[in-house]
Amino acid sequence: MSRAFVKEGDEEATAGDVPERPVPAHPNYVTARGLVQLQARERDLAVRHEQLKSVAEDDSSAKHKLREVDRDLRYFRAQLTRAELVGSAAGLGDEVRFGAEVVIENDAGAQQRYRIVGDDEANAAAGDISWASPLARALIGARVGDVVTWQRPAGAVEIEVTGIRYDRA
């Protein structure tokens with residue numbers, strides 16, 4: 001296509017397009033801590049938006065960053081709108097539910113700790129896993145002493161629940 005038939009505005013509009021962050025189809029369950037984190041993230045992005053807006057007109061990199069911030073702001077606002085606060089299950093300490101801290105043991109005797117949280121609160125490196133993850137789905141409903149099958153991409157593995165704890169918050 002000849003450059004003669006391309007509008008300058010069209011080129012600029014598509015050059016910096018940022019793909020939307022997908023909003024999960026499943027419910028957005030959050031812990032109290034997760035709700036606070038979502039609210040803080042939305043506030044931080046709103047402040048960043050205002051900072052970038054003031055310089056984006058003259059700075060193309062700031063304009064691109066503003067598009068990213070706007071995209072993230074839309075995502076976190078949608079997540080806040082969809083958020084369903086799940087109260088503490090402190091009285092249910094004998095069964096794995098949302099918000100539980102679960103200790104598991106594999107067949108080699110190695111123990112790991114996981115906390116079942118909402119999607120936006122999940123941080124695998126810290127042991128916080130989404131309630132919608134395959135591991136959490138395998139654990140939900142289990143009790144101490146139960147052996148469950150965790151369907152992983154590398155193959156199924158059996159794990160035993162050795163501890164369940166809930167925050168009192």
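## Tyr29 and its ring partners

In this predicted model, Tyr29 is partly exposed, with a relative accessibility of 26%. Tyr29 belongs to strand β1 (residues 28–30), while Trp131 is found in the loop between β5 (128–130) and α4 (134–139); the pair therefore ties together parts that lie 102 residues apart in sequence. Trp131 has a relative accessible area of 16%, which is under the 20% limit, so Trp131 counts as buried.

Three aromatic pairs are counted in the model. In the pair formed by Tyr29 and Trp131, the ring centres are 4.9 Å apart and the planes meet at 55°, so the arrangement is classed as tilted.

## The Tyr75 and Phe76 pair

Tyr75 and Phe76 form an edge-to-face pair, because their planes stand at 85°; their ring centres are 5.0 Å apart. Both Tyr75 and Phe76 are buried, and both are listed among the buried residues of helix α3.

## Arginines over aromatic faces

Two arginines are placed over aromatic rings. Arg21 lies over the face of Tyr75, at a distance of 4.3 Å from the ring centre. Arg152 lies over the face of Trp150, and here the distance to the ring centre is 5.5 Å.

Helix α3 covers residues 60–82.

The buried residues of α3 are Ala62, Leu66, Val69, Arg71, Asp72, Leu73, Tyr75, Phe76 and Gln79. An α-helix has 3.6 residues a turn, so residues three or four places apart point the same way. Among the elements that cover the buried residues of α3 are β1, α2 (32–56) and β2 (83–85). Strand β1, which contains Tyr29, is thus part of the cover over α3.

## Arg74 and its contacts

Arg74 is also located in helix α3. Its relative accessibility is 43%, so Arg74 counts as partly exposed. The side chain of Arg74 is joined to that of Glu20 by a polar contact of 2.4 Å. Arg74 and Leu45 are separated by 29 residues in sequence, and their C-alpha atoms are 9.8 Å apart in space.

Technical notes. Residues are numbered from 1 along each chain as its sequence is written. This is a predicted model: local features need pLDDT of at least 70, side-chain atom pairs count only at pLDDT 80 or more; totals for chains, interfaces and linings use all residues. Side-chain values use heavy atoms; hydrogens and water are left out. Rings of Phe, Tyr and Trp (its six-membered ring) pair if their centres lie within 6.5 Å; planes under 30 degrees apart count as stacked, over 60 as edge-to-face and the rest as tilted. Helices (H or I, at least four residues) and strands (E, at least two) are DSSP runs, numbered from the N terminus. Buried means under 20% relative accessible area, exposed over 50%, partly exposed in between (1.4 Å probe, protein chains only). A charge sits over a ring if NZ of Lys or CZ of Arg is within 6 Å of the ring centre and within 35 degrees of the ring normal. A polar contact is a pair of N or O atoms within 3.5 Å; within protein, one must be able to donate a hydrogen and the other to accept it, and residues adjacent in sequence count only if both atoms are side-chain atoms. Contact means heavy atoms within 4.5 Å.
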